[in-house]
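Welcome! Let's get to know this structure together through a few questions and answers.

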Amino acid sequence: MDSTALEAKVFDLIGYMTSSARNLIDETPAYGPFRLVDAASQLVAILEEAGVQSPRLTALRQEIDKGKYSVTVGPDEFKAFLDALVDTFVDYLDPGEPCCGP
Amino acid sequence: MDLYAAIRGRRSVRRFASASIEPAVLERIIDAATWAPSGGNAQTWRFVIVTEQARIAKLKTVSPGLIGEPGAVVAVCQDLAAARAKGSALGEVLLAPCDAAMAAQNLLLAAYAEGLGTCTVASFTHRAVARLLKLPETVEPILLVSVGVPDETPKAPARKTEGIVHWEVYGG
């Protein structure tokens, strides 16, 4: 993907995020968290298309895409999905190796 | 420092100069925190002082409200099992968070007296912070407080006066 195409996709994503930000003031509150994780998934997809290889980003995107529509099932299901997603993120953020050496 | 001057002078600081904080200073402000009152003198608060910048960076990743580059982050926690053992449901649900807040306020004022800036943060992912700080299962983070050498002096927001204070009865 060249920089022109990349810029165009990011521009579209910014549109999604800024219009969501404005619209969500008057929309269903749970759609706010949904739009956040969906935007995260779209961002990773853009990076993948641009040739950025990251197993952890791909894993996170796949987990998001698998569970994000739990928002339409119910608040408990959506919370459980988000809790699990946070756990996965922390698994990558702090994989159990010593944080800070001497 | 005059106590009223500290109460009125303290600000929520979100921009810090990159400077480390002496451990002895941090110990003093945490000691001040432990002199807060607690329901039934429970003292079930627990404090985790984070000064390693790599660890602070990880905390920031899961704490949208944690802004700037503080020299330290203090996690003001509560052992909720101990709070329940001491005060039943009231102890766990009401007293523990209130006690943590009172301890945090002492911490803020003591830090100000030491020339430091602070910001109290409630916008963080509890389960992620608990994992990063290796908290035991019964210990819950209640607030995060960023502490550092201030690089700004925010203006004080106006304080509401109308309808705030009532004498004898509400509306009096």
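## Questions and answers

Q: Is B:Glu152 buried, partly exposed or exposed?
A: This is a predicted model, and in it B:Glu152 has a relative accessible area of 22%. Buried means under 20% and exposed means over 50%. The value of 22% therefore makes B:Glu152 partly exposed.

Q: Which residue meets B:Glu152 in a salt bridge, and how many residues apart are the two?
A: The side chains of B:Glu152 and B:Arg15 meet in a salt bridge, at 4.0 Å from N to O. B:Glu152 sits in the segment after β5 of chain B, while B:Arg15 sits in the loop between α1 and β1. The pair thus links distant parts of the chain: the partner is B:Arg15, and the two are 137 residues apart.

Q: What is the distance between the closest N and O atoms of B:Asp151 and B:Arg15?
A: B:Asp151 is in the segment after β5 of chain B and B:Arg15 in the loop between α1 (3–9) and β1 (16–17), 136 residues apart. B:Asp151 is partly exposed at 43% relative accessibility, and B:Arg15 is partly exposed at 47%. They form a salt bridge, and their closest N and O atoms are apart by 3.9 Å.

Q: How many salt bridges does the rule count over all chains, and how many of them cross the interface of chain B and chain A?
A: Side chains of opposite charge can pair when their charged atoms come close. Over all chains the count comes to 18 salt bridges. Across the interface of chain B and chain A, the rule finds 4.

Q: Which residue of chain B forms a salt bridge with A:Asp87?
A: A:Asp87 lies in helix α4 (residues 75–93) of chain A and its partner in helix α5 of chain B, so the pair joins two chains. The closest N and O atoms are 2.8 Å apart, and the partner is B:Arg127.

Q: What area do chain B and chain A bury between them?
A: The size of an interface is often given as the accessible area lost when the parts come together. Here the contact takes 12 residues from chain B and 10 residues from chain A. Of the buried area, 60% is on carbon and sulfur atoms, and the total is about 1,100 Å².

Q: Which three residues supply 53% of the area that chain B buries against chain A?
A: Between the two chains, 6 residue pairs are in polar contact. On the side of chain B that touches chain A, the elements that give two or more residues are α3 (53–61) and α5 (126–132). The three residues that supply 53%, more than any other three, are B:Lys58, B:Arg127 and B:Arg131.

Q: How many helices and strands does chain A have?
A: From the N terminus on, the elements of chain A run α-α-α-α. Its C-alpha atoms fill a box of roughly 50 × 40 × 25 Å along the principal axes. The tally is 4 helices and 0 strands.

Q: What is the phi of B:Asn41?
A: Most residues other than glycine have a negative phi. B:Asn41 lies in the loop between α2 (23–34) and β2 (45–50) of chain B and is exposed, at 52% relative accessibility. Although B:Asn41 is not a glycine, its phi is positive, at about 50°.

Q: Is B:Thr44 buried or exposed?
A: B:Thr44 is found in the loop between α2 and β2 of chain B. Leaving aside neighbours within four places in sequence, its contacts include B:Cys77, B:Asp79 and B:Ala83. Its relative accessibility is 5%, so B:Thr44 counts as buried.

Technical notes
Residues are numbered from 1 along each chain as its sequence is written. Chains are lettered from A and ligands numbered from 1 in the order in which they are written. This is a predicted model: local features need pLDDT of at least 70, side-chain atom pairs count only at pLDDT 80 or more; totals for chains, interfaces and linings use all residues. Side-chain values use heavy atoms; hydrogens and water are left out. Contact means heavy atoms within 4.5 Å. Buried area is the accessible area (1.4 Å probe) that two parts lose on being put together, summed over both. A polar contact is a pair of N or O atoms within 3.5 Å; within protein, one must be able to donate a hydrogen and the other to accept it, and residues adjacent in sequence count only if both atoms are side-chain atoms. Buried means under 20% relative accessible area, exposed over 50%, partly exposed in between (1.4 Å probe, protein chains only).
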